[in-house]
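Thanks for making the time this morning.

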Amino acid sequence: MDEAEKSAAAPARRVRADWLQSDESPFGVHDRDGRGYIYAKRELLVAARDLPRLAKALEQLQVDVKPEHADELGVVRVHVEPLPNSDQRRTVPELLAEIRKIDAPDGDPTEPLNVGPNHVFAGEPEYDGGPATAALPSQTTSYVTGRLGKGVHVTVIDTGYTRGIHPYMDSRITSAGTPDLDAQPKDGHIDFEAGHSTFVAGMILRRAPRAEIDVVEVLGPAGYGTEHDIARAIVAHGGSNVINLSLGGYSEDDQPPVALDAALRKVRPGTAVVAAAGNNNSQRPMWPAAFKRVIAVGALDETGGRASFSNYGAWVDACTAAVNLVGPFPRFPEEAEAPEFQGWAIWSGTSFAAPKVAGEIAARLSTRRFGTAREAAAGFVNDPTRPYLPGLGTVLAL
């Protein structure tokens, strides 16, 4: 990312970070020696079988337990509040530390309590705030033609999709609702990740023009969504051929997040799950990309080397070019005669490397040379004849 891009992204990044830290935000930020994470305030996730143990510990801490009914995830979302006669107001990380001390006073439980925060993940994540760059208006456009992808079903779990701007995309995409492009915060400027799913879907259709895409909104226009909502979306669409997750985040103690782990175990075996590796220039595992069940995709720059922002590590499976890409975007402001964004944008990040891989899987599956999307993915992601970069995996020219 050059200095001009950094300068353009900085104001939008500051607005987003300020909103995240504000009272208006339902999320909290836990920073512990650079190993932090974002979480939903006053919420925990626990395996259904461990709910009685959790309730017993919370009773000792004078915390009221309001569990939701367990669904097919087998994970319960628990709302926690101090009891009226208690003056204890703990953050979620503080509460979890105390719960574990009570549940395992000697620090070595026979079977650890399967509980964690309701982590908050972001599209195109950095720990301290958003995509590698902010979207910039583009005068350049691109179009897709061809029959690859026909009969293949791809699910994009992301922000909301804006209809009515790109008719061809509208004909290939199923989505619900009309996302607000200026809401987090509402300040007259397009939110930091508004339009994210539009751009992501455009990358898929460029590789697989005839694919059928479901866009499922789990992230707000600032780009944040909870682990529980994302996990439920994964389970609901676990029968898709390909699932694209251009989102992610860090977790407590870098452990696999409870609900995402449960959700991925319920995805159909033949489904290919693709996720962005993240944009923090870090080896720290980014979830869900770091799950072995998921194809983690990093970003290359124009020279073919690792993009300066891309995460890397042994958990990254593949990489492809994802700097200064041109893709479809909403029109904003919609009512303006000459809007800042007229349907196209320039954007960089691993969020857009991932759907290029997802689209290629869809294209290959449509040729009927493979029985499942995972087989189609393995045919090129695990190809030993392709170039390989340590920490970034197989190099894909897409």
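How many residues does helix α3 have, and how far does helix α3 reach from its first C-alpha to its last? Please keep in mind that this is a predicted model. Helix α3, residues 92-103, has 12 residues and reaches 16 Å, which is close to the 16 Å expected at 1.5 Å a residue. Within α3, the buried residues are Val92, Pro93, Leu95, Leu96 and Ile99, and because they fall within an arc of 155 degrees when seen down the axis, they line one face of the helix. What covers these buried residues of α3 includes the strands β1, β2, β3, β4 and β5, along with helix α2.

That brings me to α2, where Leu51, Leu54, Ala57 and Leu58 are buried. They cover an arc of only 125 degrees around the axis, so they sit on the same side of α2, and they pack against β2, β3, β4, α3 and β5. The face turned away from that buried side carries the exposed residues Pro52, Lys56, Glu59 and Gln60. After α2 comes Gln62, which has a positive phi, near 55 degrees.

Finally, let me turn to another pair of helices. The axes of α5, residues 196-207, and α8, residues 350-366, come within 7 Å and cross at roughly 35 degrees, and the crossing is right-handed. Among the residues that meet there are Phe199, Val200 and Met203 in α5, and Phe352, Pro355 and Ala358 in α8. By class, this contact of α5 with α8 has eight nonpolar, three polar and three charged residues.

Terms used: Residues are numbered from 1 along each chain as its sequence is written. This is a predicted model: local features need pLDDT of at least 70, side-chain atom pairs count only at pLDDT 80 or more; totals for chains, interfaces and linings use all residues. Side-chain values use heavy atoms; hydrogens and water are left out. Helices (H or I, at least four residues) and strands (E, at least two) are DSSP runs, numbered from the N terminus. The expected span of a helix is 1.5 Å times one less than its number of residues. Buried means under 20% relative accessible area, exposed over 50%, partly exposed in between (1.4 Å probe, protein chains only). The arc is that of the directions from the helix axis to the C-beta atoms. Contact means heavy atoms within 4.5 Å. Axes are lines fitted to C-alpha atoms, for helices over the stretch in contact, and angles run from 0 to 180 degrees between N-to-C directions. A crossing is left-handed if the near helix is turned anticlockwise from the far one by less than a right angle, and right-handed if clockwise. Ala, Val, Leu, Ile, Met, Phe, Trp, Tyr, Cys and Pro count as nonpolar, Asp, Glu, Lys and Arg as charged, and the others, Gly among them, as polar.
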